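Please take a moment with the sequence and the model shown below before reading on.

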Amino acid sequence: MSAEASVSSHAANSAESADSHPVFQSIVEDRHRGLLGSKYVKLNVGGSLHYTTVQTLTKEESLLESICNGGTEVNIDSDGWVILDRSGRHFGIILNFLRDGSVPLPDDHKELDEILKEAQYYRVQGLIQHCITALLKQKDIFESVCRIPMITSAKEEEKMIASCRKPVVKLQNNRGNNKYSYTSNSDDNLLKNIELFDKLVLRFNGRVLFVKDVLGDEICCWSFYGEGRKIAEVCCTSIVYATEKKQTKVEFPEARIFEETLNILIYENGRRSGPGGLHLLDSRGSGSSIGNGQPEEEGVVGDRRVRRIHVRRHIMHDERGHGQQTVYKD
């Protein structure tokens, strides 16, 4: 081969090498441009734009550090923004934790759980532990606090009971819903029902959902629900004829209310068919308060029977007018 041919061949190979090298370099630069050998990084996280430093992103062993070091491939647009296909709502908290080593977390349980999921995705171990600690503290606080929902509408009540996995006890208390005067002991008995409700809330907190209803038709009535269905009802009001005018009487059947609360526990954690469950539910032993002036009725709701217990409609001695004949109304 002549010297001239050799020079021509070398020139051709050099030109070919020059043509291919920029292509390979361009691919590498597109993949890591703005990360390797750069001080600043532009991040587009789900449309949320963040401008930070490589030093911040590499403070902990995480997905972000792997991106900066080239260990994880990323997409970079024509303007140099690193595209991360995640929600950018909490990404600022991720960056602030990497900058400062700590960050204030929100009190809202849902937001805190969202931040935990983002920290787990980016593998920021310090923030993961921080979130878990905060969630455990919230759990301890929530378990020690008794929260009693207040019914504001029939639709809300239906939805609340249907979606609750716990047994539900509802006290309907509407003293203003009455067209007759009250008997002498009614006010005290009404307060006793409310006090018993508060005591049961404290005793069975976390096991039973207790709700109040101050808008219903009944003056004082207890309702017990299991698996989204009404199981029993204890009505504490009646109409008596102690004088020429009718009067409303409020009773306090404490034993029966407590018994129905215990019975409703068989629906806890789906244990309705557990050992002794049906026996407790249908128990009519000598210790039962049925027959002690509290007749029991049965109503049918869907394919379930509802026990409705009403206090006996009667007249106390101190409620009769002088010389007036005693009248029982059952």
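Contact here means heavy atoms within 4.5 Å. The model is a predicted one, in which local features need a pLDDT of at least 70 and side-chain atom pairs count only at pLDDT 80 or more, while totals for chains, interfaces and linings use all residues. Residues are numbered from 1 along each chain as its sequence is written, and side-chain values use heavy atoms, with hydrogens and water left out.

Leaving aside residues up to four places away in sequence, V211 touches I148, P149, I151, M160, V168, V169, K170, L171 and F197. V211 and Q172 are 39 residues apart in sequence, yet their C-alpha atoms are 8.7 Å apart in space.

The strands can be followed next, with the convention that two strands pair if DSSP finds at least two bridges between them. Strand β1 (residues 40-45) and strand β2 (residues 48-53) are antiparallel and share six bridges, with V45 standing opposite S48 of β2. These two strands form a hairpin with two residues between them, and G46 in its turn has a positive phi of about 60°. β1 also pairs with strand β4 (residues 82-84), this time in the parallel sense and over three bridges, and here L43 stands opposite V82.

Another group of three strands forms an open sheet of mixed pairing, in the order β7-β12-β11. Its edge strands, each pairing on one side only, are β7 (181-182) and β11 (237-240). β11 and strand β12 (residues 247-250) run antiparallel and are joined by four bridges, and S238 has K249 in β12 as its bridge partner.

Across β7 and β12 lies helix α8 (residues 186-203), which runs at about 35° to β12; axes are lines fitted to C-alpha atoms, for helices over the stretch in contact, and angles run from 0 to 180 degrees between N-to-C directions. How do α8 and helix α9 pack? Their angle is about 30°, and the axes of α8 and α9 (residues 254-264) are 11 Å apart. The two helices are therefore roughly parallel to each other, since angles under 35 degrees count as roughly parallel, over 145 as roughly antiparallel, 65 to 115 as roughly perpendicular and the rest as oblique. Where they meet, N193, L196, L200 and R203 of α8 are in contact with E254, I257, F258 and T261 of α9. The residues of this contact divide into four nonpolar, two polar and two charged, where Ala, Val, Leu, Ile, Met, Phe, Trp, Tyr, Cys and Pro count as nonpolar, Asp, Glu, Lys and Arg as charged, and the others, Gly among them, as polar.

Two loop residues remain. Most residues other than glycine have a negative phi. R123, although not a glycine, has a positive phi of about 60°; R123 sits in the loop between α5 (109-122) and α6 (125-144) and is partly exposed, with a relative accessible area of 38%. E227, likewise not a glycine, has a positive phi of about 55°. The loop between β9 (220-226) and β10 (229-235) holds E227, which is partly exposed at a relative accessible area of 34%.

Conventions. Buried < 20%, exposed > 50% of the residue type's maximum accessible area, 1.4 Å probe, protein only.
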